[in-house]
Amino acid sequence: MEIKILGSGCSNCNDLLKRTEKAVEELGIEATFEKVTDMVQIMSFGVMKTPALVVNGKVKASGRVPSVEDIKDLLK
């Protein structure tokens, strides 16, 4: 599974990364993580509000930091 965290590197972006890593660990799945801070790349996903969670090329959440439980649901 390929997971990207889109954002400028703000505290919300870091929180989303930490929560997503925890969700992946709790689900026992393998994933690679990438932080994307380039605004051109972020906009290429159609994201206007960060942070955003992208799983296997699909935007699953943007403009908010979902709970670990919500992220687990998004990853399933």
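What radius of gyration does the protein chain have, and what would a compact globule with 76 residues have? The chain comes out at 11 Å, which agrees with the value near 11 Å for such a globule (C-alpha atoms only; the rule is 2.2 Å times the number of residues to the power 0.38). This is a predicted model, so local features need pLDDT of at least 70 and side-chain atom pairs pLDDT 80 or more, while totals for chains, interfaces and linings use all residues. Residues are numbered from 1 along each chain as its sequence is written, and side-chain values use heavy atoms, with hydrogens and water left out.

The chain runs β-α-β-α-β-β-α along the sequence (DSSP runs: helices are H or I, at least four residues; strands are E, at least two; both numbered from the N terminus). Buried residues make up 33% of the 76 (under 20% relative accessible area, 1.4 Å probe, protein chains only).

As for the inside, the largest nonpolar core has 12 residues, including Ile-3, Leu-17, Val-55 and Ile-71 (buried Ala, Val, Leu, Ile, Met, Phe, Trp, Tyr and Cys joined through side-chain atoms within 4.5 Å). Apart from it sits another core of 6 residues, Leu-6 and Val-47 among them.

Helix α3 (residues 68-75) buries Val-68, Ile-71, Lys-72 and Leu-75. Down the helix axis these fall within an arc of 105 degrees, so they line one face (directions from the axis to the C-beta atoms). Their cover includes β1 (2-6), α1 (11-27) and β3 (52-55).

How values were computed: Buried < 20%, exposed > 50% of the residue type's maximum accessible area, 1.4 Å probe, protein only. Contact = heavy atoms within 4.5 Å.
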